[in-house]
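Subject: Structure handover

Hello,

Here is the structure we discussed. Please look through it, then read the notes below.

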Amino acid sequence: MNVEEALEIIESLLKNAALNDLQEVIFRQCWEQKSYPEIAQNLGYDADYVKLVGFQLWKNISEIMGVKVTKNNFRTVLRRWSLHHFNNQVKEKIHPNLDSNTHQDWDKAVDVYLFYGRSQELELLEKWIIQDRCRLVALLGIGGIGKTSLSVKIGEKIQTEFEYTIWRSLQNAPTLDSLLTNIIQFLSHQKESELPESLDEKFSRLLNYLQKYRCLLILDNAETILTSNELGKTSKYRAGYEGYGEFFQRVGEFRHQSCIVLTSREKPKEIAIFEGENLPVRSLQLSGLSIADGQAIFSCKGNFNGSNHDWQKLIQSYAGNPLALKIVATTIRDLFDGDISRFLTQGTIIFGDIQDLLEQQFRRLSALEQEVMYWLAINREPVSFTELQADLLSSTSTAELMAALEALERRSLIEKGSGLFTLQPVLMEYMTSCLIQRVCIEIENQGVSLFKTHALIKATAKDYIKEIQIYLILNPVIQKLLSIFGSTNRIESQLMAILASLRGKKPSETGYVGGNIINLLRQLNINLSNHDFSEVTIWQADCKGINLHQTNFAHADLAKSTFTANLSYIFTVAVSPDGSLVATGDTDGKISLWQITDGEQRLTWEGHAGWVRAIVFSADGQTLFSASDDQTVKYWNLAGECLQVFSGHNSFVWTAALVEQPNSSNNHPILASGSIDRTIKLWDIKSGECLKTLQGHIDWICSIACSPDGQTIASGSIDQTIKLWNVNTGECLITLHGHSRDVWSVAFSIDGKLLVSGSADGTVRIWDVSTSQCLHILQGHKNPTAIWSAVFSPDGQTLASGSEDKTIKIWDVETVKCLSTLHGHSGAVVSVAYSSDGGFLASASTDKTIRIWNVETGECLKVLQGHRRWIYAVAFIDSRLLASSSEDQTIRLWDVIEGKCLKVLKSLRPYEGMNITGATGLTPTQRDTLLALGAIAD
């Protein structure tokens with residue numbers, strides 16, 4: 001019972017003595033369970049006065065009803081009283097104009113003394129039936145949406161306008177003959193005991209009554225006489241019930257003064273054919289209740305608590321379905337003490353009677369409609385018609401899919417907006433649950449039905465959607481399979497047995513099975529190398545970043561599957577102090593260790609989520625540090641175990657240096673890291689604590705270097721400055737100005753007295769560390785071309801600079817004269833390094849070559865060729881052995897005297913040896929990338 005109904009009853013009980021304005025407001029707010037102080041505050045009255053008026057209000061009502069009524073019990077008393085007295089006593093007072101010749105037969109119609117919202121729907125229906133004189137009206141909507149209650153409510157509201165009001169349920173699918181007989185006998189006051197045998201004659205007899213009298217005939221649950229159409233169009237009639245169609249057509253077409261109201265989950269075709277805005281046949285599709293009306297349903301079940309967000313989430317989860325809200329209200333009250341937040345936290349909105357309600361609706365769908373519902377649940381977000389059609393395994397025409405979507409929309413099972421389709425939250429959870437249950441049963445029994453027609457995840461989906469699909473679909477399937485089979489090995493055996501049974505069959509027979517199996521095995525962390533997936537359809541398989549070495553995909557259909565798209569490259573290289581190991585960092589976030597003696601890859605591990613920009617060995621060679629685009633610096637032992645994560649930067653970490661402090665009480669070094677977040681951080685290696693944050697640069701920090709005594713850090717930045725920092729205090733000692741563009745390189749001399757810097761302004765500067773003075777500006781490189789690398793020789797007598805102008809210059813530190821300009825590279829020189837004895841200089845270039853130079857004579861001794869792409873770094877291991885890293889994903893070890901490549905250190909690429917001979921479904925780009933990453937195609 002809503003406030004309006006209660007007021008109507010109260011006003012009728014009080015006869016002509018209507019409530020005054022204040023009494024009516026108090027009544028309404030008490031109905032909303034407001035206290036007297038709350039009402040007083042809302043109205044601006046004194047609380048005692050409001051209480052006094054309220055006391056008189058309940059006293060008057062108590063006298064008329066013959067039972068004591070208080071603010072606290074009047075809801076219960078009023079409902080109980082109305083149930084016993086409404087039909088006999090109140091009806092006369094509420095409807096004083098009710099003609100004694102009117103007749104009503106409500107049969108087993110529900111009591112709608114509790115009715116929420118729908119004021120607009122009631123107003124519209126009253127207009128259609130009373131003013132527009134509609135002859136046939138259909139109330140449509142999903143189960144539990146309130147069609148029956150609305151039909152009864154509108155019937156009670158307008159029954160005084162009709163001579164006869166009849167309500168009948170079709171729940172038990174009565175035959176048309178029995179229904180017509182029953183209605184005619186009521187209209188004839190049981191005088192027509194012998195009716196004609198022919199249905200046609202009974203039609204005519206009933207139409208005579210509908211023409212003679214103003215009749216309102218309400219037929220509830222019309223979906224029970226319908227059956228779904230396989231093409232997803234308007235529903236057909238069950239065998240033996242076809243006559244209902246003719247009946248609805250006649251009452252819609254023929255002239256009469258009555259109205260037939262139908263309620264149904266599905267639209268009968270006669271409604272679809274004859275309805276129109278200005279025609280006597282119309283239909284009303286019911287949507288869910290508003291948040292406020294949904295809360296009113298809960299208020300009748302007890303007391304509930306929750307934030308506005310909780311209420312909104314709860315009611316929208318059930319799309320405002322009144323029946324679902326009544327069911328869940330009872331559950332929250334009984335099991336969660338009325339706490340809505342606790343209920344929402346438990347994670348499921350499908351249970352018990354709600355599941356039964358949805359199951360009834362789902363069973364009535366055609367195969368195509370069910371297929372569409374599953375795909376909408378898998379997609380998780382609204383999808384277009386084109387995308388949905390591409391998902392379907394069955395060869396479905398555009399017309400068939402459009403018809404299926406229209407049918408689902410008519411049943412309120414899907415939502416449409418801006419040309420996109422999706423499911424309501426409660427339906428999405430229900431369909432997901434059904435998908436998981438059925439797929440697991442099929443795998444257990446080695447069947448391929450839903451497992452074939454639907455992908456458990458879509459490899460081509462956006463990353464965040466794919467993550468949701470993995471979390472809500474793939475992982476629950478795996479957990480259920482583990483409970484069935486007990487181990488990953490048994491699951492793998494079962495899945496591969498299913499796959500083997502489908503080898504060589506058509507895509508229409510295998511569908512998404514192959515892709516689903518690969519995605520399940522991947523999520524189970526099963527190594528897929530050496531597996532046989534040949535001659536199988538592999539759709540929507542996510543193969544990014546997984547080991548597929550020697551995996552056989554010969555003659556497989558790989559359409560809609562994804563593979564690693566980018567070719568990673570080695571960005572940085574470092575040599576251990578004893579010259580036994582080389583460490584590399586790449587653009588896939590991997591760190592690798594290589595044994596120099598035999599060239600074997602000792603270890604590779606996933607170090608970071610972003611590019612590894614810098615690698616630094618500790619002084620004892622037992623640990624190393626890595627700086628990355630993922631905003632962290634990590635401290636590793638040589639077993640690949642992360643000892644510390646230094647996280648504090650809020651952007652890419654570009655450079656790192658180890659600060660050795662011989663006189664430090666810590667007895668262990670400090671790590672310095674520089675980031676594009678404009679800060680340098682000093683880290684305690686053992687505790688992982690950030691000791692200091694050095695702030696002062698106003699742009700990215702590109703390079704840092706530590707003085708030999710461990711007391712000073714130099715940093716070069718895009719802000720065109722160099723800063724010197726005191727390691728112990730974190731104080732910026734001095735800011736060195738002079739460069740007019742980015743500072744890409746800084747390095748201390750061996751004695752720590754001098755600092756060299758290279759800049760994008762084309763100059764090299766030498767600085768006195770003690771006085772902070774710029775001693776010399778070395779110009780000679782073409783200006784402006786960036787100086788990418790500048791380093792002092794081991795003896796401090798010379799320095800070398802490598803430039804974008806494709807040259808290297810050797811400078812005398814004392815005289816600052818250019819001793820020689822080394823020409824030969826055809827690309828920018830990005831890295832230079834002196835040998836340990838200072839006799840050789842190595843230069844690496846974007847021209848894919850390394851050149852070895854005699855420092856004294858400037859002669860190019862050797863040109864080292866072998867890398868296929870840009871070379872980013874060179875580092876001497878000793879006076880003869882050199883290491884280089886490149887975009888081509890290799891490290892090469894060179895004998896600089898002989899000019900020979902001693903070893904090529906190369907990680908196995910992700911698709912090394914993967915057989916894609918005869919494979920279809922790959923784009924040209926995918927195919928080229930796979931081949932570049934190690935796949936073979938004989």
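Among contacts with a separation of 6 or more, 54% link residues 24 or more positions apart; contact means heavy atoms within 4.5 Å. This is a predicted model, in which local features need pLDDT of at least 70 and side-chain atom pairs count only at pLDDT 80 or more, while totals for chains, interfaces and linings use all residues. Residues are numbered from 1 along each chain as its sequence is written, and side-chain values use heavy atoms, with hydrogens and water left out.

The protein has 938 residues, and 57% of them are buried. Buried means under 20% relative accessible area, exposed means over 50%, and partly exposed lies in between (1.4 Å probe, protein chains only). There are 26 helices and 45 strands. These are DSSP runs numbered from the N terminus: helices are H or I with at least four residues, strands are E with at least two.

Strands count as paired if DSSP finds at least two bridges between them.

Start at S1. Three bridges pair S1 with S3 (residues 164-169) in the parallel sense. His103 sits opposite Tyr164 in S3.

Which residues cover the two faces of S7? Cys259, Val261 and Thr263 lie on one side, with Ile260, Leu262 and Ser264 on the other, and all are buried. That is six of six residues in S7. In a regular strand the side chains alternate between the two faces of the sheet.

S7 pairs with S2 over five bridges, in the parallel sense. Leu136 stands opposite Ile260 there. S4 and S7 also run parallel, joined by four bridges. Ile218 has Val261 of S7 as its bridge partner.

**H6 on H7**

The axes of H6 (residues 119-131) and H7 (residues 147-158) come within 10 Å and cross at roughly 55°. That makes H6 oblique to H7. On this scale, angles under 35 degrees are roughly parallel, over 145 roughly antiparallel, 65 to 115 roughly perpendicular, and the rest oblique.

H6 contributes Glu121, Leu122, Leu125, Glu126, Ile129 and Ile130 to the contact. H7 contributes Leu150, Lys153, Ile154, Lys157 and Ile158. By class, that contact has seven nonpolar, no polar and four charged residues. Ala, Val, Leu, Ile, Met, Phe, Trp, Tyr, Cys and Pro count as nonpolar; Asp, Glu, Lys and Arg as charged; the others, Gly among them, as polar.

**H22 on H25**

The axes of H22 (residues 463-485) and H25 come within 10 Å and cross at roughly 80°. H22 and H25 are therefore roughly perpendicular to each other. Ile470, Leu474, Asn475, Val477 and Ile478 of H22 meet Asn519, Leu520 and Gln523 of H25. The contact divides into five nonpolar, three polar and no charged residues.

H25 (residues 513-523) is mostly covered, with nine of its eleven residues buried. Among them are Ile517, Ile518, Asn519 and Leu520. Just after H25, Asn525 takes a positive phi of about 60°.

**The three-stranded sheet**

A second open sheet has the order S9-S11-S10, with antiparallel pairing. Its edges are S9 (383-384) and S10 (415-417); each has a single partner strand, so one side of each has no neighbour in the sheet. S9 and S11 (residues 420-422) are joined by two bridges. Ser384 has Leu420 of S11 as its bridge partner.

Leu691 is in S25 (residues 690-695). At 31% relative accessibility, Leu691 counts as partly exposed. Leu691 and Val727 are 36 residues apart in sequence and 10.0 Å apart in space, C-alpha to C-alpha.

Best wishes

Methods:
Axes fitted to C-alpha atoms, helices over the stretch in contact; angles between N-to-C directions.
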